[in-house]
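Open the model in your viewer and keep the selection panel at hand. The stops below go from a sheet to ring contacts.

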Amino acid sequence: MGRALPLDGIVVADFSRVLAGPYATMSLADLGATVIKVERPGTGDDTRGWGPPWTDRGSAYFESVNRSKRSVVLDFDDEQDRDAARELVRRADVLVENFRPGVLARCGLDPDGARELNPALIYASVSGFGSGPGADLPGYDFVVQAVGGLMSITGAPDGPPTKVGVAVVDVLTGKDLALGILAALRQRDATGLGQHVEVNLLSSLLAALVNQMSGLLTTGIAPERMGNRHPSIAPYETLRCEDGLLAVAVGNDAQFRRFTEALGLIGMADDPRFAANAERVANRAELVRRLENVLGARRAGDWQDRLHRAGIACGQVNDLSHAVHYAESLGLRPVVDPGDGGVAQARMPIEFSDLDVADPLAPPQLGEHTDEVRGWLAADPSPLPPLSDDPARGGHR
């Protein structure tokens, strides 16, 4: 065993499904927490059936957010299983759930009931639209991207509103949830008491719209789709080269001078139409025309190399495969191998100076640890051994 991880000894009862909750609990597992994923009989988490693509073990979608967890099957219609769920909550430090209102109350595991069983429990809830009038509305990322305004600012100006190419709202909400849980655990260190942490998809999205939200609140005018252009900076967009697009981010006037000089456009930075950012934004069409007239003579990769030498932020528009190779070429480690028959996964992006995050273990098969967890719940309270110590699992922390 190596150095202790930040969340060693923390037990997480994961009653969540799909993406936001499981993403958060996977992050806690990466940091050393013992995560017990409670699933329904027969089908388990919805994402076990979301394919293609499929791995040899199941759904690639499910595997993307459920590594390093134990899976236990409990039927909430069965009294013995409800007792087991309550005992799990008594022993947990954190409960994560995203059920509709009333479902867990039937087991006595609503926030009040759960914290009566365990006053030190951090009870963490994920919903689509909060616990008020929107509490009964089902919340899926795609719908929240629509109603939350993200689609209205994504896509070409003359095209339809467009979703982002991944369930980014779920991911943002999962990160907010993990942050809230860590803050609540820190407060519990001081008070000994747990609390109810709530996040919802719509609020996480609106908070993440940062400058676009600030623009609305400042002017009263809703921002519109601009394709790859930035509403406040130019050039900060994709520009066409001989063989494709180059993303260019020029953040200030000094960078613009270096950029144009690297392109051979001597004197352009002194042109009153382009000398300052505000003027470049106002004259964007002519600016882009002049830049692309030069960029179109060479390949995007050639321009990328030249502009990097000039200190300009830029990059070719990669597909995901090339993006992984690019990260690796920069000495990053974007992919991790969970072993035990699992497929490679995106690696947790946080780096620490004095410790490593847990080596991942393959996501569990449905109910893989039911007998082990039931046995633990029936015994005198004692810590579960690390998942890596299970001889049936392999791997290590």
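A crossover is right-handed if, with the strands pointing away from the viewer, the path from the first strand over the helix to the second runs clockwise. This is a predicted model, in which local features need pLDDT of at least 70 and side-chain atom pairs count only at pLDDT 80 or more, while totals for chains, interfaces and linings use all residues. Residues are numbered from 1 along each chain as its sequence is written, and side-chain values use heavy atoms, with hydrogens and water left out.

**Stop 1: the crossover**

Helices (H or I, at least four residues) and strands (E, at least two) are DSSP runs, numbered from the N terminus. Together β4, α4 and β5 form a β-α-β unit that is right-handed.

**Stop 2: the neighbours of β5**

Two strands pair if DSSP finds at least two bridges between them. Between β4 and β5 there are four bridges, in the parallel sense; here, L95 is opposite Y123 of β5. Now select strand β6, residues 195-200, which pairs with β5 in the parallel sense over six bridges. Across that pairing, A124 has V197 in β6 as its bridge partner.

**Stop 3: three phenylalanines**

Show F15, F76 and F99, which form one aromatic cluster. Rings of Phe, Tyr and Trp (its six-membered ring) pair if their centres lie within 6.5 Å; planes under 30 degrees apart count as stacked, over 60 as edge-to-face and the rest as tilted. This rule gives three aromatic pairs in the count. One of them is F15 with F76, a tilted pair at 6.1 Å centre to centre with 40° between the planes. F15 belongs to strand β1 (residues 11-15) and F76 to the loop between β3 (70-73) and α3 (79-91), so the pair links parts of the chain 61 residues apart. F15 is buried, at 1% relative accessible area.

Move on to F76 and F99: ring centres 6.1 Å apart and planes at 50° make this pair tilted too. At 22% relative accessibility, F99 is partly exposed.

**Stop 4: arginines over rings**

A charge sits over a ring if NZ of Lys or CZ of Arg is within 6 Å of the ring centre and within 35 degrees of the ring normal. Select R48 with F62: the charged end of R48 is over the F62 ring, 3.9 Å from its centre. Finish at R298, which lies over the face of W303, 5.2 Å from the ring centre.

Note on methods
Buried means under 20% relative accessible area, exposed over 50%, partly exposed in between (1.4 Å probe, protein chains only).
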